[in-house]
Amino acid sequence: MITESEGYKRIRSGIDRNATKWGNGHDYEGKLAWIVERAQHYADMTGLDASDILNAWEKQRDYWYMNFYQDAKQPRIDAGVRVFETQEALREAVGTAGFRCPACSGVSKSPYACDSGIVRDGKPCDWKSYGLFGTLGKGCSIFVKDKMVVDTVFMPLAFEVAS
């Protein structure tokens, strides 16, 4: 049961602490319900256990839960997230062709930071998938079951051909 998981207990503890210290300025219980629903959604879509997913997310989280848990970080899988069993399966699917930078449209070897060499605004493009504007809606969200990680990266060229 997800409410018995270490991840849930950690979030619950944070909510109790925040509500006591800061009052009702945030919808703490609503956020907790969203987190539980999203972990269950991932479980339903992947066949994994919701408690394991929430525990994995909590191990990754290194900032406030109210900011960490959101659609941008844990998008619904039915909204275009590609699911892979393993990192190896992901590497095979992506291949070696590279990734499309959403800012300059060049090809980057990195899925996270443009290294295309295309000059924009007088300097080589150095767009980051993890920056403020992310992938400008042109990237790809990936969930790898063996890591239970959702990651948003530049669009792999191999996926452009498949689309």
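Student: Is cysteine 101 buried or exposed?

Tutor: Happy to start there. This is a predicted model, in which local features need pLDDT of at least 70 and side-chain atom pairs count only at pLDDT 80 or more, while totals for chains, interfaces and linings use all residues. Residues are numbered from 1 along each chain as its sequence is written, and side-chain values use heavy atoms, with hydrogens and water left out. Buried means under 20% relative accessible area, exposed over 50% and partly exposed in between (1.4 Å probe, protein chains only), and cysteine 101, with a relative accessible area of 1%, is therefore buried.

Student: How many disulfides are there by the distance rule?

Tutor: A disulfide is a pair of cysteine sulfur atoms within 2.5 Å. By that rule the count is zero.

Student: Then which cysteine has the sulfur nearest to that of cysteine 101?

Tutor: Cysteine 101 takes part in no disulfide, and its nearest cysteine sulfur is 3.7 Å away. Cysteine 125, buried with a relative accessible area of 5%, is also in no disulfide, and its nearest cysteine sulfur is likewise 3.7 Å away, on cysteine 114. For cysteine 101, the nearest sulfur belongs to cysteine 114.

Student: Let's step back to the fold. How many helices and strands does the chain have?

Tutor: Helices (H or I, at least four residues) and strands (E, at least two) are DSSP runs, numbered from the N terminus. Reading from that end, the order is α-α-α-α-β-α-β-β-β-β-β-β-β-α. The totals are six helices and eight strands.

Student: Which residues does glycine 98 touch beyond four places in sequence?

Tutor: Glycine 98 sits in the loop between α5 (87–94) and β2 (99–100), and it is buried because its relative accessible area is 7%. A contact means heavy atoms within 4.5 Å. Leaving out residues up to four places away, glycine 98 touches Val107, Ser108, Met155, Pro156 and Leu157.

Student: What is the phi of methionine 148?

Tutor: Methionine 148 lies in the loop between β6 (140–144) and β7 (149–153). This residue is buried, since its relative accessible area is 16%. Although methionine 148 is not a glycine, its phi is positive, at about 55°.

Student: How far apart are N and O in the salt bridge of glutamate 29 and arginine 12?

Tutor: A salt bridge is a side-chain nitrogen of Lys or Arg within 4 Å of a carboxyl oxygen of Asp or Glu, and the structure holds 13 of them. For glutamate 29 and arginine 12, the N to O distance is 2.5 Å.

Student: Where in the chain are those two partners?

Tutor: Glutamate 29 is partly exposed at 43% relative accessibility, and arginine 12 is partly exposed at 22%. The pair is 17 residues apart and links distant parts of the chain, with glutamate 29 in helix α2 and arginine 12 in helix α1.

Student: Last one: is phenylalanine 133 buried or exposed?

Tutor: Phenylalanine 133 lies in the loop between β5 (123–124) and β6. With a relative accessible area of 59%, phenylalanine 133 is therefore exposed.
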